Structures are given as structure tokens and as C-alpha cells.
Amino acid sequence: MRHLAVLPAAFATAALLFGATPVIAEDPPPTIAVTGTGSVSAPPDIATVMTGVETFADTAAEALDQNSALMARVFETLTGAGVAEKDIQTSGLSVAPRYTDRKTRLGYEVAGYQVRNSVHVVVRDLGALGAALDSIVTSGANRIDSVSFGFAEPGDMRNEARRMAVADARAKAQLYAEAAGVALGNVMSITEGGGPVGPQPAMMMNMARAAEAVPIAVGESSLSASVRIVWALAQ
């Protein structure tokens with residue numbers, strides 16, 4: 001242990017003999033890390049509809065043919081209502097057997113086949129959303145899984161939410177520093193986090209038909225941001 005104690009002095013002496021400047025490690029400055037949040041709300045200008053067609057038949061081919069015919073009618077109705085082709089996108093297609101409760105030596109007995117075709121539709125005229133939902137269902141869709149609202153051009157709102165998040169983080173950091181009797185120094189790091197999309201009005205439906213245009217409450221949608229900022233504390 002006595003030999004280990006003199007090693008630092010020996011290294012310092014050797015550094016001086018060879019003309020080198022000893023490097024003395026400094027403790028890192030104390031820091032404070034704070035998370036700030038910001039949120040901006042406004043009436044949305046687009047709606048996203050998740051809809052689709054489910055069919056069932058004795059064979060997979062029959063179920064798929066029925067499904068394809070109905071979905072073609074839905075696509076024709078959407079384009080006829082002014083929805084652009086770029087705003088219509090297939091999001092899922094599945095073909096699967098359905099089984100009975102009767103079990104054979106080869107497994108449960110197949111009762112038929114179910115085909116599900118799902119499509120993602122963006123509606124940019126919110127005033128026509130109710131009528132669009134009605135026409136989707138009456139043309140052949142037997143599922144409307146969700147309706148969500150958002151913004152076609154969210155950039156400015158998102159940046160405003162980011163500014164609010166930074167201001168919120170700074171206000172919190174200053175409060176903590178004053179309470180602790182210290183001062184904020186330079187910013188050491190900034191990390192963005194959190195999801196950009198906040199709460200949205202939504203509607204869930206599963207229907208065979210609709211007799212009239214569906215009433216829709218648009219309300220407001222939000223864009224949010226969060227940021228984690230680390231400050232050095234002035235000595």
C-alpha cells in the first residue's frame with residue numbers, strides 16, 4: 001500500500017523531468033435537467049377514416065370474390081365523392097378460415113373462410129365527412145373502425161409547441177435554481193422527446209348500413225412537444 005501511495009508523486013516528478021505539464025482531472029460542473037412541454041390546439045382540417053369490407057363464404061375464393069366486388073364499389077364511391085386517389089390506401093388484406101366447435105382427428109372443422117380488406121381514407125372536406133361516411137357504408141363497406149382528426153400542414157403549429165416546451169423547461173429550471181440558491185449557466189444539451197400528436201376526437205363504429213348522413217362533431221385537435229434540457233449550474 002505504501003508503494004501505491006507514492007505513485008502519483010512519482011508520475012508528477014517524471015512529467016516535470018521530461019518537460020510535460022501534468023494533467024489534473026477536474027470534476028464535471030453540477031447540472032440540472034428539466035423536461036418542458038408545450039401544446040397547441042386548433043380546429044382540424046382533415047379526417048382519417050379507417051374502413052373496410054368483411055365477407056364470409058364456404059371457400060376462400062368465393063369470400064375473396066365477394067369482397068373484391070364490394071371494395072371496388074367503395075373505391076368508386078370515394079372517387080366519385082371527390083376523394084383523390086392519393087388519399088385512398090389499402091392498409092390490410094387477410095384471408096383466414098373460421099372453425100366450428102366440432103373437432104375431428106385432423107383438428108377443428110372448417111366452417112368457411114373470412115376475408116377482411118381494410119382501407120385508409122383521408123377526407124379533406126370536413127363539411128362533407130358525414131355524407132362521405134354514409135356513402136362508404138351504403139356502397140358496401142360493413143366496417144368503420146375509426147375516424148380521427150388532424151392537420152394537413154402541421155409544421156407551424158408543431159414549431160410553436162416546441163417553442164412553448166423550451167420556454168416551459170427554462171421557467172422550471174430557473175425556479176429550481178432560485179429555490180436552491182444557485183444560478184443557471186450554459187445549456188449542456190437539448191433532447192426532443194414525446195409524441196407530436198396530442199388527444200384527438202375519435203369515433204368507433206361497426207355497422208351494416210346508415211340511413212342518413214352521420215352527425216360528426218369535429219371539435220379541436222392538438223399538437224404537442226416535449227424537450228429535455230440540461231443546464232450547467234454557475235459556480
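Start by colouring the chain by pLDDT and selecting helix α4, residues 155-180: among the elements of the protein chain, α4 has the highest mean pLDDT, 96. Then select strand β7, residues 202-205, which has the lowest, 39. This is a predicted model, and pLDDT is the predictor's confidence in each residue.

Next, select residues 1-16. The pLDDT is below 50 over this stretch, and beyond near neighbours in sequence it has two contacts in the model. Go on to residues 194-211. Here, too, pLDDT stays under 50, but the model has 50 contacts beyond four places in sequence for residues 194-211. For the protein chain, the mean pLDDT is 83, and 80% of the residues reach 70 or more.

Now select strand β5, residues 143-150. How many of the eight residues of β5 are buried? Seven are, so strand β5 is largely enclosed by the rest of the structure. Buried here means under 20% relative accessible area.

To look at one pairing, pick Ala47: its bridge partner in β5 is Phe149. While the strands are on screen, recall that in a regular strand the side chains alternate between the two faces of the sheet.

For the last stop, show the surface and select Leu64, Leu93 and Val95. These residues make a nonpolar surface patch of about 260 Å². Val95 belongs to strand β3, residues 88-104. Is Val95 partly exposed or buried? Its relative accessibility is 45%, so Val95 counts as partly exposed.

How values were computed: Residues numbered from 1 in each chain as written. Heavy atoms only, no water. Buried < 20%, exposed > 50% of the residue type's maximum accessible area, 1.4 Å probe, protein only. Helix = DSSP H or I, 4+ residues; strand = E, 2+ residues; numbered from the N terminus. Pairing = 2+ DSSP bridges. Patch = residues over 30% accessible without salt bridge, like charges linked within 9 Å, V, L, I, M, F, W, Y side chains within 5 Å. Areas by Shrake-Rupley, 256 points an atom, 1.4 Å probe, with all protein chains shown as cover. Salt bridge = Lys/Arg side-chain N within 4 Å of Asp/Glu carboxyl O. pLDDT = per-residue confidence, 0-100. Contact = heavy atoms within 4.5 Å.
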